[in-house]
Amino acid sequence: MPLFDAFPEITKRREPLAPYTHLRIGGPAECLVQPRTTDELKAVLRYCKTKSIPLRMLGGGFNLLVNDDPIPGVVMRLTGPEFSSIETQGKTIRAAGGAQLFDLIAHSVRSGLGGLETLVGIRGTVGGSVRCNVGDRSGEIGACVRRVAVLHDDASELIRTRDELTFGLHSSDLDEPVILWVEFELTPENPRAVLKRMTRAWIIRKAAEPHSFQAGVRLFRDPAGLNAASLIERAGLAKFRVGSAEISDRNGNYAIAHPGTTAKDVLKLIDHVRAKVKDSAGVTLERELNVW
Ligand SMILES: Cc1cc2nc3c(=O)[nH]c(=O)nc-3n(C[C@H](O)[C@H](O)[C@H](O)COP(=O)(O)OP(=O)(O)OC[C@H]3O[C@@H](n4cnc5c(N)ncnc54)[C@H](O)[C@@H]3O)c2cc1C
């Protein structure tokens with residue numbers, strides 16, 4: 001039985017993915033599946049495993065470039081209420097994989113729990129953000145993670161604890177298909193002190209990003225001891241364009257997708273920037289942006 005017939009209420013066929021990503025570009029998914037419950041999610045995983053159907057998880061699409069060609073197999077989004085719950089118990093917050101990072105941070109600040117507030121302004125879901133270990137010099141999300149519940153491709157559930165997890169620069173070893181929920185261990189503090197740090201972090205981050213009306217994504221990881229944005233700017237690439245994709249003049253490590261940009265434009269821009277920085281500074285930049 002085709003996947004659409006097995007899960008008709010939660011499956012959209014040939015669904016364009018552009019509206020689900022921050023860049024608003026990219027081709028359609030063969031099937032976009034949006035399960036309503038964990039049981040439905042597990043049933044889809046088992047189905048895909050049995051039929052050898054490729055499966056990808058889509059969070060908020062803030063660290064993602066979707067190619068212009070159709071994406072084969074299943075793209076899954078965790079959108080139902082079960083996948084966006086956030087609960088506090090003492091100094092621990094458990095957030096579902098589909099919850100918004102912003103909601104988690106707001107919840108932690110309201111609860112007077114410190115640790116996540118300097119990540120304010122980074123957009124994405126909890127699942128995508130923990131997988132990508134979001135953060136900057138002020139801290140990384142991985143430092144607050146206590147436990148992560150993941151699903152394997154056969155839908156079996158595993159809880160990975162802090163000491164079994166490895167977080168790197170904008171990366172983690174969480175490579176199971178689904179992050180179901182994440183538990184964070186935070187520090188009880190005066191809520192006003194946490195709020196003050198959050199406000200400061202917001203101002204600093206917003207000043208170093210493209211304007212909020214622009215569709216821009218980060219391109220590269222910072223090489224050890226260096227700053228990708230400075231390397232790109234020093235190579236004279238601010239405002240450099242390929243088609244309608246342009247390097248931001250507010251931060252050289254962001255590509256802006258103006259209307260009409262294709263995934264090919266962004267990929268060519270990435271190749272050009274990498275080659276120029278290699279020529280000018282002798283540094284090979286490593287891509288941070290996920291590409292499908
Ligand atoms: C303007 C702007 C500013 C940014 N600033 C920062 C910054 O300061 N620091 C920083 O670190 N990042 C930054 N980012 C990057 C981005 O915000 C994060 O990487 C983001 O949190 C990714 O989350 P997402 O839900 O959008 O994931 P997506 O982009 O949708 O997916 C990213 C990866 O996670 C996987 N994934 C998503 N959800 C799940 C899940 N539930 N289970 C398993 N895998 C999953 C996807 O398959 C994909 O491999 C910025 C991005 C933008 C656009």
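Helix 4 (126–131) contributes four residues to the shell around the ligand, the largest share; helices (H or I, at least four residues) and strands (E, at least two) are DSSP runs, numbered from the N terminus. The model is a predicted one, in which local features need pLDDT of at least 70 and side-chain atom pairs count only at pLDDT 80 or more, while totals for chains, interfaces and linings use all residues. Residue numbers start from 1 along each chain as its sequence is written.

The ligand is surrounded by 33 residues, the closest being G59, G60, G124, G127 and G128; a residue is near a molecule or strand if its C-beta atom, placed from the backbone, lies within 6 Å of it. Elements that give two or more residues to this shell are strand 3 (55–58), helix 4, strand 9 (135–136), strand 15 (178–185) and strand 17 (216–218). By class, the shell holds twelve nonpolar, 15 polar and six charged residues, where Ala, Val, Leu, Ile, Met, Phe, Trp, Tyr, Cys and Pro count as nonpolar, Asp, Glu, Lys and Arg as charged, and the others, Gly among them, as polar.

Burial is assigned by neighbour count: a residue is buried if 20 or more other C-beta atoms lie within 10 Å of its own, exposed if 12 or fewer, and partly exposed in between, with C-beta atoms placed from the backbone. A nonpolar core is a set of buried Ala, Val, Leu, Ile, Met, Phe, Trp, Tyr and Cys residues joined through C-beta atoms within 7 Å. The largest such core has 80 residues, and V182 and A255 have the most contacts inside it. Two residues are in contact if their C-beta atoms, placed from the backbone, lie within 7 Å. Not counting residues up to four places away in sequence, A255 touches G216, V217, L219, A245, E246, I247, V266 and L269.

Two of these partners, V266 and L269, are also among the buried residues of helix 7 (263–281). The expected span of a helix is 1.5 Å times one less than its number of residues. For the 19 residues of helix 7 this gives 27 Å, in agreement with the 27 Å between its end C-alpha atoms. The buried set in helix 7 consists of A263, D265, V266, L269, I270, V273 and V277. These residues cover an arc of only 150° around the axis, which puts them on the same side of helix 7; the arc is that of the directions from the helix axis to the C-beta atoms. D271 and D279, on the other side of helix 7, are exposed. Packing against the buried residues of helix 7 are strand 4 (64–65), helix 6 (228–234), strand 18 (241–242), strand 19 (245–247) and strand 20 (254–257). G282, with a positive phi near 70°, follows helix 7.

In helix 3 (101–110), the residues L101, L104, I105, S108 and V109 are buried. They fall within an arc of 130° when seen down the axis of helix 3, so they line one face of the helix. This buried set packs against strand 6 (86–89), strand 7 (92–96), strand 8 (113–114), helix 4 and helix 5. After helix 3 comes G112, whose phi is positive, near 65°.

Helix 5 (191–207) has 17 residues and should span 24 Å; its end C-alpha atoms are 25 Å apart, which agrees. V194, M198 and A201 are buried in helix 5. Seen down the axis, the buried residues of helix 5 fall within an arc of 70°, so they line one face. Their cover includes helix 3 and strand 8. On the other side of helix 5, the exposed residues are R192, A193, K196, I203 and A207.

Most residues other than glycine have a negative phi. R24 has a positive phi, near 60°, and lies in the loop between strand 1 (11–16) and strand 2 (28–33). With 15 other C-beta atoms within 10 Å, R24 is partly exposed. G26 is found in the loop between strand 1 and strand 2, but counts as buried because it has 26 C-beta neighbours inside 10 Å. The C-alpha atoms of G26 and W292 are 9.0 Å apart, although the two residues are separated by 266 residues in sequence. K239, with a positive phi near 70°, is placed in the loop between helix 6 and strand 18. K239 counts as exposed because it has 11 C-beta neighbours inside 10 Å.
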